[in-house]
Amino acid sequence: MEDLPRILDFAREIAQSAGEILLKGFRSSGLTVSYKGVSNPVTSSDRESEDFLYDRIRARFPEHGIVAEEGSRSEGSGDFRWFVDPLDGTTNFAHGVAHFSVSIGVYSNRKQGVVAGVVYDPCRRELFSALAGGGAFMNGHHIRVTASDELSRSLIATGFPYDKNVSDKNNLAQFNRVLPRVQCVRRFGSAALDLCYVAAGRFDAYWEMKVSPWDIAAGCLIAEEAGARVTMFDGSPYDIEVPEVLAANAGLHEKLLALLADA
Ligand code: IPD
Ligand code: CA
Ligand code: CA
C-alpha cells in the first residue's frame with residue numbers, strides 16, 4: 001500500500017513547480033496559442049506544464065497510471081491513476097487574465113474514488129489540497145464550506161462548455177433557472193478553482209456540465225473534504241467519469257438540485 005501523505009506531498013511540490021512554469025509563460029511575448037475547437041485554446045504553457053508533470057510522475061511512480069488533458073497517457077499497473085490538468089483556465093491565461101490553476105487528482109481503482117487532490121493557483125500562491133478522510137486545506141489552514149441556506153444570499157459559480165455554439169445542452173437553461181433566484185452567478189473560468197472556492201467558503205455552490213475528470217477530480221475531493229455535498233444532477237454521488245457536478249453546502253444542495261432538475 002502506497003503512503004498517501006507521501007503521494008500528496010509530491011503532488012503539492014510538482015503542482016507548485018508547474019505553477020512557476022505557467023507564470024513564466026503568462027503574458028509573455030513567447031506564448032503561442034492554437035485552437036482545439038472554435039473557442040477551445042491550448043497554449044505552449046499548457047504543453048510545457050503537462051510535459052513537466054508527466055515526466056515527474058512517471059519518474060517517481062512508474063507503476064501509476066496517468067491521464068493528462070493534452071494527451072499524455074500512461075496505462076500503469078498499480079492501484080493509482082493521476083488525473084492532471086496542467087493549466088485549468090486556459091482561456092483566461094491566453095487573454096492575460098490572472099485566474100487559472102494546476103489541478104492534480106489521484107484516483108484509487110481499489111477504493112473507486114479520488115483519494116488525494118491538489119489545486120494550485122500560482123497568481124495568488126494559494127495551494128488547496130485534501131486527502132480522502134483528512135479534511136481540506138489551503139496553504140496549511142483548514143477550510144470549510146459556508147453555512148448559508150438562503151438562495152437569495154448565495155454566490156454561485158458555474159461554467160459553459162466549449163461546444164456552446166453547436167449544442168443546445170450549453171447550460172443556458174440551468175443558468176436561466178438559477179440566476180434570478182440567487183444573489184448572483186459567477187463564471188470565473190477555472191472549474192478546479194471554482195470547486196476550491198466552494199471548499200474555502202468563497203462561493204456557496206458550483207455546478208457545471210460537460211466537465212472532464214482532469215477538471216474536477218482534485219476539486220471534488222477538496223470540496224467534499226471541506227463539507228460540501230458533491231453529486232451529479234440527479235443527486236447521486238459524483239463520479240469523475242460523468243461530466244456533470246453540483247457541489248454545495250448541505251443547506252443549499254437540495255434547493256439547487258431542484259432548480260437544475262426543473263431546467
Ligand atoms: C475549462 C475550465 C472552465 C470550464 C470548462 C473547462 P480548461 O478547462 O475549467 O472553467 O468551464 O468546462 O474545460 O480548458 O481551461 O482546462
Ligand atoms: Ca480544465
Ligand atoms: Ca486545461
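Which strand gives the most to the shell around ligand 1? Strand E5, residues 80-88, does so, with three residues. The model shown in these views is predicted.

**View 1. The shell around ligand 1.** Ligand 1 is surrounded by 15 residues. Asp88, Gly89, Thr90, Tyr162 and Glu208 are the closest. By class, the shell holds six charged, five polar and four nonpolar residues. Strand E5 supplies three residues of this shell.

**View 2. Polar contacts of ligand 1.** Threonine 90 has a polar backbone atom 2.8 Å from an oxygen atom of ligand 1. A polar backbone atom of glycine 189 lies 3.2 Å from an oxygen atom of the ligand. Glutamate 69 uses its side chain: an N or O atom there is 3.2 Å from an oxygen atom of ligand 1. On its own, ligand 1 exposes 380 Å², and the protein buries 95% of that area.

**View 3. The largest pocket, where ligand 1 sits.** Ligand 1 takes up the space of the largest pocket. The volume of this pocket is about 540 Å³. Its lining is made of 32 residues. Nearest the centre lie Phe160, Tyr162, Arg187, Gly189 and Glu208. Several elements each give two or more residues to the lining. The strands among them are E2 (40-43), E5 and E13 (205-209). The helices are H3 (90-94), H5 (191-199) and H6 (213-225). The lining counts 13 charged, 10 nonpolar and nine polar residues. Two residues named here, Tyr162 and Glu208, are also listed with the closest to ligand 1.

**View 4. The second largest pocket.** This pocket holds about 230 Å³ of space. It is lined by 14 residues. Tyr107, Gln112, Gly113, Val114 and Tyr238 lie nearest its centre. Strand E7 (113-121) and helix H6 each give two or more residues to the lining. Nine residues of this lining are nonpolar, three are charged and two are polar.

**View 5. Helix H6 and the two pockets.** Helix H6 spans residues 213-225 and gives two or more residues to the lining of the largest pocket. H6 also gives two or more to the lining of the second largest pocket.

How values were computed. Residues are numbered from 1 along each chain as its sequence is written. Chains are lettered from A and ligands numbered from 1 in the order in which they are written. This is a predicted model: local features need pLDDT of at least 70, side-chain atom pairs count only at pLDDT 80 or more; totals for chains, interfaces and linings use all residues. Side-chain values use heavy atoms; hydrogens and water are left out. A residue is near a molecule or strand if one of its heavy atoms lies within 4 Å of it. A polar contact is a pair of N or O atoms within 3.5 Å; within protein, one must be able to donate a hydrogen and the other to accept it, and residues adjacent in sequence count only if both atoms are side-chain atoms. Accessible areas come from the Shrake-Rupley method with a 1.4 Å probe; for residues, only the protein chains shown count as cover. On a 1 Å grid over the protein atoms alone, a cavity is a set of points where a 1.4 Å probe fits but cannot get out, and a pocket is an open set with protein on both sides within 12 Å along at least five of seven lines; lining residues have an atom within 4 Å of a point. A molecule sits in a cavity or pocket if more than half of its atoms lie within 2 Å of its grid points. Helices (H or I, at least four residues) and strands (E, at least two) are DSSP runs, numbered from the N terminus. Ala, Val, Leu, Ile, Met, Phe, Trp, Tyr, Cys and Pro count as nonpolar, Asp, Glu, Lys and Arg as charged, and the others, Gly among them, as polar. Grid points are joined across faces, edges and corners, and a volume is the space filled by probe spheres set on the points.
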